[in-house]
Amino acid sequence: CMNTMAGGVVCVCKIGYNGNGIQCADVDECATGLHSCHSKATCVNTPGSYRCLCQSGYTGNGVECEDVNECQVDNGGCDTNAICTNTAGSRSCLCMTGFTGNGFTCTDVNECTRRGICHWNATCTNNPGSYTCTCNSGYKGNGNYLCLDIDECSETPGVCSSSFGYKGCKNLPGTYQCMCDRGYENNGRTCSDINECASSFCSPFAICINTPGSYSCTCSSGFTGNGLTCVDVNECAIPNSCDPNANCINVLGGYNCSCRTGYEGGGKLCTDIDECSTPTICPASATCVNTGGSFRCDCSSGFAFNGTVCKDIDECALNLCSQHATCENVPGSFSCKCKAGYNGNGTACVDIDECSQSSTLCHTDALCANQPGSYSCSCKVGYSGDGATRCQDIDECKVQNGGCLHNATCINSKGSFFCQCSRGFQLINGTICQDIDECQISPGPCQSNEQCVNSQGSYQCLCEKGFSKSSGGIVCTDIDECLSNPCHTNATCLNTFGSFVCTCKAGFTGNGSLCDDVNECSPVGVCHASASCTNFPGGFFCQCLEGFDGDGYSCEDQNECTMSNSTCPLGTVCINSPGSHVCSCINGTIAYNDTCAPPILKCNPICDPKGLCHLAANKYQCVCDVGFEGDGLSCADIDECEEHVCPENETECVNTPGSFTCICKTGYRQNGTSCIDVEECVDGRQECSEFAQCVNTLGSYFCKCLSGFTGEGKNCSDIDECQTQNGGCFPSANCTNMPGAFRCTCPTGMMGSGFECHDLDECAHGSSHSCSKDALCLNSVGSYSCQCLTGFQGNGFSCADVDECDSPSACESNKECRNTPGSYLCSCTEGFFYSEGTCVNIHDCQNGSSVCHHHADCVDLLGSFYCRCQPGFTGNGTHCSDLDECASGLERCPHRASCQNSMGSFHCNCWDGFQANATHCNDIDECLDDATCPPDSSCVNAEGGYFCQCQAGFTGNGSLCEDINECSAPGHSLLCGNGSCINTPGSYECLCNDGFQVNETDCIDIDECSLNSTECGIYSSCFNRVGSYECLCNSGFILHETSCIDVDECNETANACPEEALCWNTAGSFLCQCSSGYEGEGQVCRDINECLNSNPCSRGQICINTPGSFECSCPDGFKNNGSSCTDVDECLNKTGVCHPSAKCINQPGSYRCECLTGHSGDGVQCDDVDECSILQSPCHKQAQCVNTPGSYMCVCAAGFFASGTICSDVDECEMDRGPCHAHATCVNTVGSFSCQCNPGWTRNGSTCFDINECDSALSCPAHSSCENLPGSYSCTCL
């Protein structure tokens, strides 16, 4: 409570409170910003006051807060392998290089898990926070980027033993191999003989003898061969020691001898067994005869041994007599007697020719044919009958067309017939109609491009090969064989007249039907000298060697020195060489394993003294050291100064052997290690004119005459600018020259800079003209004029008022005139007032004023009045009420304002948060006052108000905003993935793990592959992984140790290509080329049907498609002689299937069978024609018709012989005195004969035996003796 000056008291709120004194509320200094806390302190409101508390990470009284360096105590809580960095109000922990984690926990990074961190021939060993690379055994180098193979063979003499069989030492990547001669094996450093005999190299039938470095195989006895292969010798097929009477039996490796049956012995000596020495081996009636290896039993003449006894030989069964005789067998002998019609002794009988003895035995149209023992009469050819008494003409055409063959017509004639051929045939041999080959007749019947083909009885004109007739065409036109793809898949087809030509495509060679790939790599120089050439079907490709870039035709050396900043160790200079590089220590030495050492001396020829010998790929080569150029064998100093090696403009280059020096140019001076400009203008070294400006330049200066002066700078003279185009002044301006300058002045009445002049409007500036105040000022260019206003008169500079009231008509009636300066006024005379253009009597409203409402006005009319409500009121004048403009809508307030009615009017009040601006209500931007919202919040103006919004990273209700700890807030695990979250005021920071980088508020993976920061080797691709990367071999390559080598899919992948294709390995892939005879893209090969659209075979051959090829075969009936088909003469080769009784007739590609005369059928089957049953009495009456294959014969009956077609009786008695016994008489009969024994003989069969008449007592008289005689007897008296 406080006293006031007026003597009263007043209640005043204490400091920290706000109110009227009666009611006091605590002032929230923290919310209103009325505190003095430090920006890193938190304000806490208290009743009537507040307190300041330093935030975490700060110390002080709150008004002053200092950052706490957490890192000074226990490394700030960071891991021992982390670096603590103090930050404002906090600290950050970052794991040291070689460790990973969030800084509070750091674990060692196993660098060895990263592919390619060491050389591919090195072993990585992980250490805490680091790693070491050690070259593998057999390699030398630093292990990081260099591991060179150790050539043990050249660096360690005697590494292999030079024992017997040693061939040499072969260096291998990381090792070596002791080479042995053939027949020796490596057991480490020495060579030992291989006992090939232990591996059974020889044949099982051979003897193996091991020798140093080799072996020999000798076939065992009884075998033959080279020892590796031995086959049994068949001794039985060559001369051997077996007896001629022994059987030789071949066995494996030898043979056995066994005596044959009838011989005895060991086989090599066999003796005959004498079977006759065995008694009773033959019967008593036979004699034993010994033979080689057997025996036989011989009987007496006329008898034969049957194995047990001697039996009479039936000589008649042996046909010892003539076939025309009868045989009679007797014990031990036999007798023969000629048959009728024959003469002879029985063993030889001669036929009697009856036809020669008589010419009338047969018919006149018959032929007599003698026959054995008889004769026959047969009608002549063309006649039929018995031949003896009847012969009539035969119509031969009725039987099998008279024997006329195909295409022939039989025409009968007397006793004969003839064959007539059809058109197109000619008669051959009287019965055969042979086709006429019209094609052999000149000129030929066919047109050009046609081939004449003969046919039976006619011919055809066929288009030659390569030509065809269109449907209905009569002319042979060329066939475009190329439409049927007759050529090889790697050839192009060119159609020609009647044929086509196949030409192999580029990259192939051959005749077009078969195209072989051209090996383009065989000529020297196809590819670049630093490239390898790989041939593939139809082409080739060139690939630059390692260390070179290009397309293979042009290969440029890879400059390893520009590919990476870490190619050479620090302090050395990388020198590129063809296919390689060398790290020069710039003193004639080379960096090996991070150590400078003299270059190796293995280059031949030796390098220049300024050349460096080094290994490149598989050879040693020279390259000039830094500062020198040449081929390494000869090096010359490089004048680096010609290449502008001193890039700063203030230096100049001075060449030195192998190097250069940059010195300051004139106008520059040395300042430490750099050259700075000498400022001649400051040092007073300049020679400029007093009317010039000295301008310093880098390394020099120049003098520039001041503006308005001319000259070279050291001598300057004034320029009279007014002499040229008025100095550039406005055309009507005045130009005045001055030393070093000039001045332009606008003329009177104009104003401006002189360069630009415009009219001065004197009338617009009252002080610039002299017109009367009662005049009008009229401006003109460069001047003005004055004109008195209406109601005034004068020259404009002086104007006097005109008194208009001097005119009686100036005002109307009831008005009086009053002059005014420049005008006049008409006012109502006394007793009148002005109303709507006239003066009315004032007494009218005075008399009626009590009638009008107090919110109405009385309006006089001529002689009367009326009441009119005042504005804001409504009514008839005598009664007026307030007009609510807000409710009636007669008045409108602006947007964002409220209408408030008042008596007789209204007013508009802008809404809270808006302020009036003439006729509008504009929003009040409360945020323009910086103290509107508390710290860490932003004021957001709203229409008619505002609100306080906590800034990002803070939370609160707008009156107090506190920092959000995003790192511990819900969902914080989603923040800083792959990193650590560190809270900061209003935000947070991400400390990313290795392999990640910050992307605003998150850790994203570093794509090492796109940054080209990886060490992936050739034939591999970099694949980014989360937090790392991986080098994977490209498709078609496989990891071998630490390098990617090509996969030979053709050898390692089963069925890489189909069996119809050839597999060609390429770098990283392979190609499938369809084999010859197939087509397709390689993975799918389709057999080319060479026979489909064209015939690749020779004329007359038939094309038969086969998988991948084709065969040319001949049609049935033809044989292939290689290039063409020739007709097979089936008749000549006996391959025809004609019947034995048929005639084979060869035809092109075939044959036909024609049954022989006397047979009928189709030729394949021929049946004999039985003329004896078909013909009527074909033979003589004394003959018998005997059908024979293909014919018939007339056989005269016994006792007859053939005389032509007649059978004549055989006079058997005339033939060798007849067939009768010597003591018999032959009596001829028709067709036979009879034998009658002579007197004194008697018949016993066919033999006459002497009659012993003496047996009869009646033969001789008594007393006589009877003596029998052959055929008789004699009586002799006693």
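Predicted model: local features only at pLDDT ≥ 70, side-chain atom pairs only at ≥ 80, totals over all residues.
Entry 1, aromatic pairs. I searched the whole structure for aromatic pairs and found six. I looked up F540 and Y553, which form an edge-to-face pair, with 6.1 Å centre to centre and 75° between the planes. This pair links distant parts of the chain, 13 residues apart. I placed F540 in strand β54 (residues 539-544) and Y553 in the loop between β55 (548-550) and β56 (555-557). I then checked accessibility: F540 is partly exposed, with a relative accessible area of 21%. Y553 is also listed as partly exposed, at 46% relative accessibility.

I turned to F691 and F709, whose ring centres are 4.6 Å apart; their planes stand at 10°, so I recorded the pair as stacked. F691 lies in the loop between α5 (680-683) and β69 (692-697), and F709 belongs to strand β71 (residues 709-711), so the pair ties together parts that are 18 residues apart in sequence. Is F709 buried or exposed? I noted F709 as buried because its relative accessibility is 14%, under the 20% cut-off. F691, by contrast, counts as partly exposed at 32% relative accessibility.

I examined strand β61 (residues 611-616) and found five of its six residues buried, so the strand is largely enclosed by the rest of the structure. How many bridges join β61 to strand β62? I recorded six, with β61 and β62 (residues 619-624) running antiparallel. For A616 I noted K619 in β62 as the bridge partner.

How values were computed: Residues numbered from 1 in each chain as written. Heavy atoms only, no water. Phe/Tyr/Trp six-rings, centres within 6.5 Å; stacked < 30°, edge-to-face > 60°. Helix = DSSP H or I, 4+ residues; strand = E, 2+ residues; numbered from the N terminus. Buried < 20%, exposed > 50% of the residue type's maximum accessible area, 1.4 Å probe, protein only. Pairing = 2+ DSSP bridges.
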